[in-house]
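Dear colleague,

Please find the structure below, handed over together with its sequence.

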Amino acid sequence: MNAPAQIIVDNVNHMYRPPVGREVLALDQISLSVSNREFLALLGPSGCGKSTLLYLIGGFLPVEIGSITVDGKKVTAPGPDRGIVFQHFALFPWKTVRGNVLYGLERQGMQKAEREARAQQYIDLVGLSGFEDSYPSQLSGGMKQRAAIARTLAFDPKILLMDEPFGALDAQTRGLMQRELLSIWQRTPKTVIFVTHDVQEAVYLADRVAVMSARPGRIKTIVDTKFDKNDPDIFKNSFFVDKVDELWNLVKEEAAKAQGVKR
Ligand SMILES: Nc1ncnc2c1ncn2[C@@H]1O[C@H](COP(=O)(O)OP(=O)(O)OP(=O)(O)O)[C@@H](O)[C@H]1O
């Protein structure tokens, strides 16, 4: 029997109504189920509503039409079961790297010695050893993003919602962080929704890739990308190469629509 779907998005629309300017229908009738421990990537052209969908699941935006449930409970607000890594790192500028990573652990009521050991473990994991006492203003963009990832991973949420978390990293760090995320996901029971523009990254990391259409965002199709991610020759694996190709064609079509190009 299949595990029950842990996150269920049912017929969700989202309209932005800015105080000035026109209304924008960002999402149109989105339905999506993500199972317990699944790794799902969201792929689609710029502006198709990927971040909006993530923020709705995270409880950062109100669900006005349709419903979103996590483990059977309606999402109405953020909660400790869902950790989010934003596209633009959201660190407290007045706290050091250590202070930022400790923040979530303090709120969980963890003992001091345990939370300090755990904070250090995740600071080391993201390669920021030696920068524990630095403030965000003293870090590069990639380092800030790594600190934000450490902060979210450290409090061990059941669900990780990641909005292009590796977009600002150099290629080498990005490769290391992708490998580390896969390893964390294989070792600890987490459900991940991962927004990316990068087709290779999506196929490398995810079990399934949901491709969204140009705005208003809809789920255009879902492609199964489950295979052995520990293959040492993964980037030459014919399944990997074929899936990247298939997804490229789907995304190209939507990107052309988003830019109003006739094909
Ligand atoms: N606060 C807002 N007010 C009005 N419109 C908004 C707001 N935030 C997003 N939008 C619009 O909603 C649509 C979806 O935006 P969203 O950021 O979710 O897309 P995205 O797929 O994550 O884009 P990208 O890949 O470029 O980050 C876009 O057309 C955007 O202009």
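Which of the 13 residues around the ligand come nearest? They are Tyr16, Ala26, Ser46, Ser51 and Thr52, where a residue is near a molecule if its C-beta atom, placed from the backbone, lies within 6 Å of it. Before going further, please note that this is a predicted model, in which local features need pLDDT of at least 70 and side-chain atom pairs count only at pLDDT 80 or more, while totals for chains, interfaces and linings use all residues. Residues are numbered from 1 along each chain as its sequence is written.

To stay with the ligand, its shell divides into five nonpolar, six polar and two charged residues, with Ala, Val, Leu, Ile, Met, Phe, Trp, Tyr, Cys and Pro counted as nonpolar, Asp, Glu, Lys and Arg as charged, and the others, Gly among them, as polar. Both β2 (24-35) and α1 supply at least two residues of this shell, and the largest share, three residues, comes from α1. Helices (H or I, at least four residues) and strands (E, at least two) are DSSP runs, numbered from the N terminus.

Helix α1 (residues 50-58) has seven of its nine residues buried, so it is largely enclosed by the rest of the structure; a residue is buried if 20 or more other C-beta atoms, placed from the backbone, lie within 10 Å of its own. Among the buried residues of α1 are Thr52 and Ile57, and just after this helix Gly59 takes a positive phi of about 85°.

Strand β3 (residues 39-43) pairs with β9 in the parallel sense over four bridges, two strands being paired if DSSP finds at least two bridges between them, and Leu43 stands opposite Val211 in β9. With strand β10 (residues 219-224), β9 pairs in the antiparallel sense over five bridges, and Met212 stands opposite Ile219 in β10; β9 and β10 form a hairpin with six residues between them.

Best regards

How values were computed: A residue is buried if 20 or more other C-beta atoms lie within 10 Å of its own, exposed if 12 or fewer, and partly exposed in between; C-beta atoms are placed from the backbone.
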